[in-house]
Amino acid sequence: MNWTAIAMFAAFVALTLAITRWAALRTRTASDFYAAGGGVTGFQNGLAIAGDYMSAASFLGISAQIYADGYDGLIYSTGFLVGWPLILFLMAERLRNLGRYTFADVASFRLAQRPVRSFAAVSTLVVVAFYLIAQMVGAGQLIRLLFGLPYVYAVGIVGSLMIVYVIFGGMIATTWVQIVKAVLLLGGATFMALMVLAQVGFSPEALFARAVEVKGTNAIMGPGGFIRDPVSAISLGLALMLGTAGLPHILMRFFTVPDAKAARKSVLWATTWIGYFYLLTFVIGFGAIVLVATNPAFLDAEGALRGGGNMAAIHLAQAVGGNLFLGFISAVAFATILAVVAGLTLSGASAISHDLYASLAKDVDPAREVRVSRWATLGLGLVAILLGIAFETQNVAFMVSLAFALAASGNFPVLILSLYWRGMTTRGAVVGGSVGLGLALILTILSPAVWVTVLGNAAPVFLYSSPAIFSVPAAFLTIWIVSLFDNSPRAAMDRAGFADQEVRSETGIGAFRASGH
């Protein structure tokens with residue numbers, strides 16, 4: 001057991017529980033619970049978005065992928081980043097002006113509320129479930145490695161803390177936990193990358209040469225080790241780029257700022273921190289090849305990483321900074337997971353309470369809606385624990401890429417067309433979004449990651465790693481065709497409402513304002 005790590009874990013948990021208590025005293029209304037009262041500044045929200053987005057998949061999964069496959073792991077670093085200009089230029093301002101608590105507020109602005117919100121809630125929950133799997137697996141492996149606790153108990157601890165943060169602190173606690181985590185992660189990753197470069201005279205070329213020497217092949221410096229064909233490469237890239245703009249827990253953060261200007265500023269800051277962090281993961285991944293793969297202390301009898309394939313960055317921390325830095329990075333990785341699962345759980349609970357319950361029930365007062373959200377948080381926490389146990393052996397970066405594919409296929413087409421295409425109707429949105437989401441989900445289940453690795457079948461039915469290249473065009477095409485042939489009275493109302501929506505989305509006239517506290 002690493003007592004330094006345990007002490008830092010305890011300090012971080014104490015700090016976050018103190019933040020939660022502070023936030024609980026300030027969470028009085030539905031706006032406070034869902035959107036921190038709309039009082040978060042652009043800079044703070046940019047850090048919080050970065051904290052929400054730089055997940056266990058980014059830190060543990062990408063570095064592990066680069067450790068295993070070299071250059072090919074970079075597809076995650078670039079793919080996770082390139083969706084942000086899309087959000088900045090096409091979505092951030094309009095989201096803040098049209099929405100209140102969830103992205104369904106925006107998608108259903110001029111459409112029939114009940115069917116669109118129901119679809120958005122189901123889509124959100126499916127995306128959140130896959131994303132939560134990755135975070136819980138990373139957390140379980142990390143705590144098992146450091147504390148010697150059984151994996152099941154480790155996952156249970158993370159799930160319990162997550163439930164406490166969200167139930168009591170809502171978005172205010174979630175925001176500040178994410179900000180603290182972002183600062184710690186950026187600082188820790190910077191130090192680790194500098195220590196790796198110091199070992200090779202601050203020469204990236206020397207680092208890559210040493211990595212090739214260790215692996216015994218130049219193949220790690222070229223594509224094809226992980227993504228083996230062009231279709232898979234394009235499909236994964238498409239999922240990562242468009243999925244970013246469809247992630248419900250990220251979109252929810254745009255409603256925490258006071259106005260559209262702060263929303264744009266949020267994205268600029270978030271893109272800066274996220275881009276910088278992904279540069280560091282590349283150095284960390286190759287540093288692990290050089291310093292971890294050559295040290296028997298970090299390997300088991302078969303030559304695999306101790307603690308599981310996702311632990312390359314954790315072992316590298318010990319290699320460059322000893323037990324003290326290992327303790328710090330382990331606590332940061334734990335903070336990373338807790339911050340992300342809190343955001344995910346809040347977005348899932350909001351989908352249940354705000355999009356499903358409040359739209360299906362009549363005359364729901366905000367206090368009751370928040371109570372429903374808290375009960376939903378408890379349920380989602382228990383589901384997350386069970387999913388984390390079931391998917392113990394999966395690479396966390398790959399599990400997140402599946403969540404991105406689902407978000408790109410279901411949420412993104414409906415959201416972007418609701419903002420920019422006058423002709424989209426309620427029927428087109430629900431049918432097209434459902435086709436994209438359903439196709440992505442079915443192809444994901446039939447893919448090698450689930451059909452072979454999880455379900456134990458001999459060969460996959462769907463040969464590619466990501467379904468996005470098929471499911472995203474299917475969603476857009478279905479929305480277009482169904483909307484084009486929809487001549488119902490509701491369709492006429494949907495099209496007529498576009499002009500009012502466009503004025504509000506561009507000017508902010510009529511947008512929800514921040515709470516006065």
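Colleague: What volume does the second largest pocket have?
Modeller: In this predicted model, the second largest pocket comes out at about 320 Å³.

Colleague: And which residues lie nearest its centre?
Modeller: Those are Arg100, Tyr101, Arg117, His354 and Glu369. They belong to a lining of 18 residues.

Colleague: Which helices supply at least two residues of that lining?
Modeller: Helix 2 (30–35), helix 7 (113–147), helix 13 (312–360) and helix 14 (366–390) each do.

Colleague: How does the lining of that pocket split by class?
Modeller: The second largest pocket is lined by eight nonpolar, four polar and six charged residues.

Colleague: OK, now closed spaces. How many cavities of 30 Å³ or more does a search of the whole structure find?
Modeller: Two. The largest cavity has a volume of about 40 Å³, and the second largest cavity holds about 30 Å³ of space.

Colleague: What lines the largest cavity?
Modeller: Thr102, Phe103, Thr124, Pro248, Met252, Ser347, Ala351 and Asp355 do. Sorted by class, that makes four nonpolar, three polar and one charged.

Colleague: Which helix gives the most to that lining?
Modeller: Helix 13, with three residues. Helix 13 also supplies at least two residues of the lining of the second largest cavity, and so does helix 8.

Colleague: Then which residues line the second largest cavity?
Modeller: Asp52, Met171, Thr174, Gln178, His249, Met252, Arg253, Gly343, Leu346 and Ser347. In that lining, three residues are nonpolar, five are polar and two are charged. Met252 and Ser347 are part of this lining, and they also turn up around the largest cavity.

Colleague: Let's step back. How many helices and strands does the protein have?
Modeller: There are 21 helices and zero strands. The radius of gyration is 22 Å, close to the 24 Å that the globule rule gives for 517 residues, so the protein is as compact as a globular protein of that length.

Colleague: What box do the C-alpha atoms fill?
Modeller: Roughly 70 × 50 × 40 Å, taken along the principal axes.

Colleague: And what share of the residues counts as buried?
Modeller: Of the 517 residues, 59% do.

Colleague: What about contacts between residues at least 6 apart in sequence?
Modeller: Among those contacts, 84% join residues at least 24 apart.

Colleague: Can you show me a single residue? Where does arginine 94 lie?
Modeller: In helix 5, which covers residues 74–98.

Colleague: Is arginine 94 buried or exposed?
Modeller: Buried, because its relative accessibility is 9%, and the cut-off for buried is under 20%.

Colleague: What is arginine 94 in contact with, leaving aside its neighbours within four places in sequence?
Modeller: Leu419, Tyr420, Ser505 and Glu506.

Colleague: Changing topic to the backbone: what is phi for alanine 36?
Modeller: Alanine 36 has a positive phi of about 55 degrees, although it is not a glycine. Phenylalanine 202 is another non-glycine residue with a positive phi, near 55 degrees.

Colleague: Where are alanine 36 and phenylalanine 202 found?
Modeller: Both are in loops. Alanine 36 sits between helix 2 and helix 3 (42–53), while phenylalanine 202 sits between helix 8 (151–199) and helix 9 (204–215).

Colleague: Which of them is buried and which exposed?
Modeller: Alanine 36 is buried, with a relative accessible area of 9%. Phenylalanine 202 counts as exposed, because its relative accessibility is 52% and exposed means over 50%.

Conventions. Residues are numbered from 1 along each chain as its sequence is written. This is a predicted model: local features need pLDDT of at least 70, side-chain atom pairs count only at pLDDT 80 or more; totals for chains, interfaces and linings use all residues. Side-chain values use heavy atoms; hydrogens and water are left out. On a 1 Å grid over the protein atoms alone, a cavity is a set of points where a 1.4 Å probe fits but cannot get out, and a pocket is an open set with protein on both sides within 12 Å along at least five of seven lines; lining residues have an atom within 4 Å of a point. Grid points are joined across faces, edges and corners, and a volume is the space filled by probe spheres set on the points. Helices (H or I, at least four residues) and strands (E, at least two) are DSSP runs, numbered from the N terminus. Ala, Val, Leu, Ile, Met, Phe, Trp, Tyr, Cys and Pro count as nonpolar, Asp, Glu, Lys and Arg as charged, and the others, Gly among them, as polar. Buried means under 20% relative accessible area, exposed over 50%, partly exposed in between (1.4 Å probe, protein chains only). The radius of gyration is taken over C-alpha atoms; the globule rule is 2.2 Å times the number of residues to the power 0.38. Contact means heavy atoms within 4.5 Å.
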